Amino acid sequence: MKAAQFAGYGAPDVLHINEVDRPAPGRGDVLISVEASSVNGLDTIVRAGGLRIVTGRRFPLGVGLDFAGVVSATGADIQQYQVGDRVWGTVQPLKRHSVGAAAEYVVVPADRIGPAPSDISPVEAASLVVAGTTALLALRDTLHLTKGERLLVRGAAGGVGTAAVQLAHAMGGHVTALCRDRHAEALSELGADEVLDYGTTTPDQLGPFDAILDTVGSDLNSYRRRLTREGRMATIALSASSMAAIAASSVHGPRRIRTLSSNPDTALLRDLAAYVASGELRPVIDSVHPLTDIASAHQAFERGGVVGKQVVRVSGE
């Protein structure tokens, strides 16, 4: 089978499509015939060597965190899935993968997948797995957003941002989206009540907010000061500066900054699918790339400046 791998850390051009053995499911596992995968921040960090303390220096390594596809085979003790079922899910995010989700087949534990929404395509489903579950975890479980509260989404045009705007709108929040000015119309259509240009809007011109979801990672303390006294803030962008701000916020008074990452299980995937089925969450895709040109998908992700996700089509190229 074909799989996207790299034999050394570096820029997107280290990615190559290799022929590898098709994996077999063990007890409690499911073999997925992958139809699509998307590009997430973790994929580019791993490829560039930012997590080499975890991934090590034994190559090749695979890429791809999330997927949508069809059950091809099941291991022992699997009763909830049958061959032919359409599913979506993720590989384990911080495990060393010689083959990731950007491959024709992937084996994962059954508790890492869920039934894929029936009314969207595999490409659309793949675009929502990590982005959607991250946004849902942030808003529902970390920020505890409630109806009528004022929410700021930084980096609102990205994958997590576009999902967060829609989900927050569905939860009854008043959503302010911070993004490039040229993306204002798209974010308004997704449910943002107000869209501001991050290039011309400074933190002291904003707020107050009951909650802030940050996907950028810079200048967190300035935005933290725009929270109400009981306000909450969460970031998914980890850097040296953001970690320092998170640590400081846990010591100095209220309005603590929390961090999170998506590691969805079946229950969370089912909750996300319900938002898709209700029409409250829809996929937002910038472009679709064939598996053979996955390097271009990584380049587009790192270049930024777009609305939505980069998706890799694995089958049906």
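I took helices (H or I, at least four residues) and strands (E, at least two) as DSSP runs, numbered from the N terminus. The model is predicted, so I noted that local features need pLDDT of at least 70 and side-chain atom pairs pLDDT 80 or more, while totals for chains, interfaces and linings use all residues. Residues are numbered from 1 along each chain as its sequence is written, and side-chain values use heavy atoms, without hydrogens and water.

**Cavities.** I defined a cavity on a 1 Å grid over the protein atoms alone, as a set of points where a 1.4 Å probe fits but cannot get out; lining residues have an atom within 4 Å of a point. I found two cavities of 30 Å³ or more, a volume being the space filled by probe spheres set on the points, which are joined across faces, edges and corners. I listed 19 lining residues for it, with Val-46, Gly-62, Pro-93, Lys-95 and His-97 nearest the centre. Helix H1 (41–48) gives the most to this lining, three residues. The second largest cavity has a volume of about 40 Å³; H4 gives the most to its lining, with four residues.

**Sheet.** I looked up an open sheet of three strands, ordered E2-E1-E4 with antiparallel pairing; strands pair if DSSP finds at least two bridges between them. Strands E2 (15–19) and E4 (61–62) are at the edges with a single partner each, so one side of each lacks a neighbour in the sheet. E1 (residues 2–6) and E4 pair over two bridges, and Phe-6 has Leu-61 in E4 as its bridge partner.

Note on methods: 1 Å grid on protein atoms, 1.4 Å probe; cavity = no way out; pocket = protein on both sides within 12 Å on 5 of 7 lines; lining within 4 Å.
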